Amino acid sequence: MFFKTAEENIELWDTREPLLPVLPTQRSYDYVLVADKVDPADTQKAQRQEAFIQQLQKKNIRVTKIFHDDKIFFGLRAPNEVFEQYKYLLKVSDSCNWSGDVNGSVPHATRIRIVNFILHHTFINTGEDLEELLKKDVFETLFCLHERKKQKELKKKWARWSGLFVGQPVSDVRSYFGEKVALYYLWLGWYTKLLVPAAVLGVVVFLYGLAFFNTNPLIKEVCESGTIMCPRCDKRCPVWQLSDTCTYAKVSHLFDNEGTVAFAMFMAIWATLFLELWKRHRARHVSKWKVYDWCEEEEELILEIVNDPDCHPKQFRHSYLRSTLVLILVTLMMVLIIGIAHALVVFRVVAAPLLSEGSWEFIRDHANTVAMMLGAVLHYLTIQIMTRVNRWVAFKLCEIEKTRSFAATERSFTVKMFTFQFFTLFSSLFYVAFFMGRINGHPGNYVRIAGRWRLEECHPSGCLTDLFIQMAIIMLLKQTLNNIFEFTVPWLKGCFRRKTTKKLQRKCGHCYRKACRDENGSVEPCDICKLRDWLRNYHLAGINAFSLFNEFLEMVVQFSFTTIFVAAFPLAPLLALLNNIFEIRLDAIKMVSLERRLVPKKTNDIGIWTKVLEAIGVLAVIANGLVIGVSSDFIPRLVYRYNYGPCVNGTTHTHCMQGYINDTLSTAYMTHPAVRQDFLTSQLITENGVNVTQCSYKDYRSDEDYTLTSQFWLVLAMRFAFVILFEHVVVVCKFVAAWFVPNSPMLVKNHRLQDKLARLKEELREMKQCSKSTDV
């Protein structure tokens, strides 16, 4: 049938009998397919389009076809019989029969999920499915429609900037976007809430370091020192005064003090408590949503039967050849990522001497710090590029694996993508934390890259500040720039496309069927109103099956930054907290207003992300123990205080750490032939014109033969002893915390028990009624 108005020429084709008046809940279409108008010469594409639509008709899906400009819109509406079958199969299943979809009418979110499954499991006679047809441009895109009334309610309650400090209506989010999206926001809200005590304690640790900023004797020793230090690079760098780095020493003390140890232990235990408390928090909600016992495998079988009663389940398979190939490719990818981290190290090594001979005095004086900051910015750019490369590689590896279902593909992709991202983000940080300044050699025997450039050295006050600079720059850039692009790109796209939609809205104002615009009416909307609604959704930013994965990945990476190297950056929880307060609303506004509607997915957990978070918690214990024991000067200071300091002999008229800085320095004499070859004569002249015959460097070495002293071996032994003690103590605390906090509250367990009992009694009552009716 054809329908024409003066404003617009629209062809409407219904594949079934004329539409009867429908209920308000049936007015909305379940899905919309979009295709370009087919060129008459391209008969193959037209035949494929027609074949796919015919396959949908065979499944009793009502199709409404509307032409607009150079596009064809196919409105799809599934019959109620499909959803009744789904409800019945849920009721008789072993695990899914406790689902909330069993009783009452089928929610629109459930309709969308079922139709989405049918669409992606419909094949034409050539064996092609919808995904392949989309790749071959037979169809342009597909999307489910936003429900305007519920969309407005979510905007009012949740998706608005004015609600930054208002609680989230998670149940409303669940009914609109499904359990998977709701659990993401539930997890993000819980994570943000528990960041408050971590952020407060991190600020206290920072203020503790700040309180002794000017009175600390170690800082005073550096600032008043007359020690002349060896050149920091070859040929260009002159000798320098230790007192020139007074500011650097002060900053180092802010992040390398006694409070850092306690804070690192707290954060390791905090990560465990966070996960255990999250499991309880999740249990309350999934129990309330009636999906506690939901089974992914049975849900998939039910959907397959609804789609095709004669279906055969896809068998579980495992190929050792494919697994071996994937393992080899994953290893090669990680080697590539680690190689990029080495390239960043080489950049800093080369940049420092080049900057030291620049024309700007400030950059010359702080060449190493500037090189470190430039390296961090370059690392951020590398992260942005490698994120796209990692995603492509992870997809290809999943294709090689040939997983059984989309859920299995998603799990496999998550593990691979997070592994690649983790190495991309943290390889450079691990080098700064555990290797920089420890493998660079000493005067007379420096380690050089390609025999030319010396490796970086640690500052006499330690390497922890370098790690802090790296983390602060990457974390700030990643959070701020990512959020800006994440919000502005879909917003600008929406503004750009809005003109087309507005024209149609003005035309619809002349529509004679005013009832079709009534939100509470039961009259089928006219074709112009349908098209207006479809275009409104079509012009929103596109989404894909992994859109929610991107949000999870961003937050889990942030969780890694917040816990793994928190000993070097106690302000990380505060930055994460501030970011998440805005992140929740940003994601909500984006999902509700700027993007097409996500396909509602049912689940009862955040899935493989729980295992990833648990792995990060274990790694946080190891990394923080190593940062404090190996990277910071906490252990050397303790060894000096109780074994070498002035208080060891009972001296009380001075501070127990007096002379510590000089104790950590060794002396290189220019009379030694190897040392003399490392430095040019021009490098050994101070700013005052004095020609030096010796210089100092940070290490525990003999001044005569440059061998390691007994103090070095004592400090090294104490470092490893501390790491072992720290990790054992924290691991025990983690196990106690995990044991002490049950995964599921007793209230939830008792409620489930009562609910199961009531359901069994109801089944027995129905059986007796059926028996009586049969006897009669």
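Is Leu 254 buried or exposed? In this predicted model, Leu 254 is buried, because its relative accessible area is 8% and the limit for that class is under 20%. The residue belongs to helix 9, which spans residues 246–255. Its C-alpha atom lies 9.2 Å from that of Ala 211, a residue 43 positions away along the chain.

A disulfide is a covalent bond between the sulfur atoms of two cysteines. The structure has three disulfides. In one of them, Cys 223 pairs with Cys 246, with 1.8 Å between the sulfur atoms. The link is right-handed, with 80° about the S-S bond. It connects distant parts of the chain, since Cys 223 sits in helix 8 (residues 217–223) and Cys 246 in helix 9, 23 residues apart. Cys 223 is partly exposed at 24% relative accessibility, whereas Cys 246 is buried at 15%.

Another disulfide joins Cys 230 to Cys 695, with an S to S distance of 1.9 Å. This link is right-handed, with 85° about the S-S bond. The two cysteines are 465 residues apart: Cys 230 is in the loop between strand 7 (228–229) and strand 8 (240–241), and Cys 695 is in strand 14 (residues 694–698). Cys 230 is buried at 4% relative accessibility, and Cys 695 is buried at 1%.

Cys 647 and Cys 656 also form a disulfide, their sulfur atoms being 1.9 Å apart. Here the link is left-handed, with -90° about the S-S bond. Cys 647 is partly exposed at 24%, and Cys 656 is partly exposed at 21%.

Methods: Residues numbered from 1 in each chain as written. Predicted model: local features only at pLDDT ≥ 70, side-chain atom pairs only at ≥ 80, totals over all residues. Heavy atoms only, no water. Helix = DSSP H or I, 4+ residues; strand = E, 2+ residues; numbered from the N terminus. Buried < 20%, exposed > 50% of the residue type's maximum accessible area, 1.4 Å probe, protein only. Disulfide = S-S within 2.5 Å.
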